[in-house]
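Here are my notes on this one, as numbered points. Have the model open beside you while you read.

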Amino acid sequence: MTQEWKIVCRLREVPLTRARVVQRGLAWQELPGVALFRDAAERVYALLDRCPQGGCALSLGCVEDGYVVCPQHGWRVALASGCAVAPDQGRTRTYAVRVEDGRVWLDMAELKAPASRAEAALAGAFAVAPRVATA
């Protein structure tokens, strides 16, 4: 798959303890967005904005020591891998991120790909179209 990098925001627009959400899908699709998280070392991580346990928005959780804590269940999800911390099991999708010159880039080709079979069925012939405002 060919990469199609696009600036989605400035680094300073991604809070240190919370998230910034990039919307995905066409208006009628109501697909989960991509939550951008930034750690103290200025690394940015992109995860599908869904907890692997119950599907609540990870973007509403707090970032702690390389993890985001699900606000509903207290699950800890690793920012780098999207994997839940044992004894919990599950994984949320991660996305490639680039940070250059204080700007955050996401791969539009990756965002357009359905994140699940349900998304693929919902998208049908219309595909998934990310709604990304340029920074």
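**Notes on the model**

1. Let me start with a glycine. Gly33 comes out at 5% relative accessibility, so it counts as buried. Keep in mind that this is a predicted model. Gly33 lies in the loop between strand 2 and strand 3. Its contacts, leaving out residues up to four places away in sequence, are Val21, Val22, Gln23, Arg24, Leu47, Leu48 and Asp49. Gln23 is worth a click: 10 residues separate it from Gly33 along the chain, yet their C-alpha atoms are 4.4 Å apart.

2. Now step back to the whole chain. The protein has 2 helices and 10 strands, and the order from the N terminus is β-β-β-β-β-β-β-β-β-β-α-α. There are 135 residues, and 41% of them are buried. As for how the chain meets itself, take the contacts between residues at least 6 apart in sequence: 49% of these join residues at least 24 apart.

3. How many of its residues are buried? The count is 5 of the 5 in residues 44-48, so strand 4 is largely enclosed by the rest of the structure. Side chains in a regular strand alternate between the two faces of the sheet. Here Val44, Ala46 and Leu48 point one way, Tyr45 and Leu47 point the other way, and all are buried.

4. Which strands does strand 4 pair with? With strand 3 (residues 34-38), there are 5 bridges in the antiparallel sense. Leu36 is opposite Ala46, and Val34 is opposite Leu48. With strand 8 (residues 94-95), there are 2 bridges, again antiparallel, and here Leu47 faces Thr94.

5. Is Asp39 buried or exposed? At 9% relative accessibility, Asp39 counts as buried.

6. What does the side chain of Asp39 reach? One answer is the backbone nitrogen of Ala41, at 3.0 Å. The Asp39 side chain also makes a polar contact of 3.3 Å with the side chain of Tyr45, a residue of strand 4 that is itself buried. Setting aside residues up to four places away in sequence, Asp39 touches Leu16 and Tyr45.

7. Strand 6 (residues 67-69) is joined to strand 7 by 3 antiparallel bridges; in one of the pairings, Tyr67 has Ala78 as its bridge partner.

8. Next, strand 9 (residues 97-100), which holds Glu100. With 37% relative accessibility, Glu100 counts as partly exposed. Its side chain is joined to that of Arg98 by a polar contact of 3.3 Å. Glu100 and Leu11 are 89 residues apart in sequence, but their C-alpha atoms are 8.9 Å apart in space.

9. Stay with Arg98 for a moment. Where does its charged end sit? The charged end is over the ring of Trp105, 4.9 Å from the ring centre.

10. Last, the aromatics. A pair of aromatic rings is described by the distance of the centres and the angle of the planes. How many aromatic pairs does a search of the whole structure find? The search finds 0.

Terms used
Residues are numbered from 1 along each chain as its sequence is written. This is a predicted model: local features need pLDDT of at least 70, side-chain atom pairs count only at pLDDT 80 or more; totals for chains, interfaces and linings use all residues. Side-chain values use heavy atoms; hydrogens and water are left out. Rings of Phe, Tyr and Trp (its six-membered ring) pair if their centres lie within 6.5 Å; planes under 30 degrees apart count as stacked, over 60 as edge-to-face and the rest as tilted. A charge sits over a ring if NZ of Lys or CZ of Arg is within 6 Å of the ring centre and within 35 degrees of the ring normal. Two strands pair if DSSP finds at least two bridges between them. Helices (H or I, at least four residues) and strands (E, at least two) are DSSP runs, numbered from the N terminus. Buried means under 20% relative accessible area, exposed over 50%, partly exposed in between (1.4 Å probe, protein chains only). A polar contact is a pair of N or O atoms within 3.5 Å; within protein, one must be able to donate a hydrogen and the other to accept it, and residues adjacent in sequence count only if both atoms are side-chain atoms. Contact means heavy atoms within 4.5 Å.
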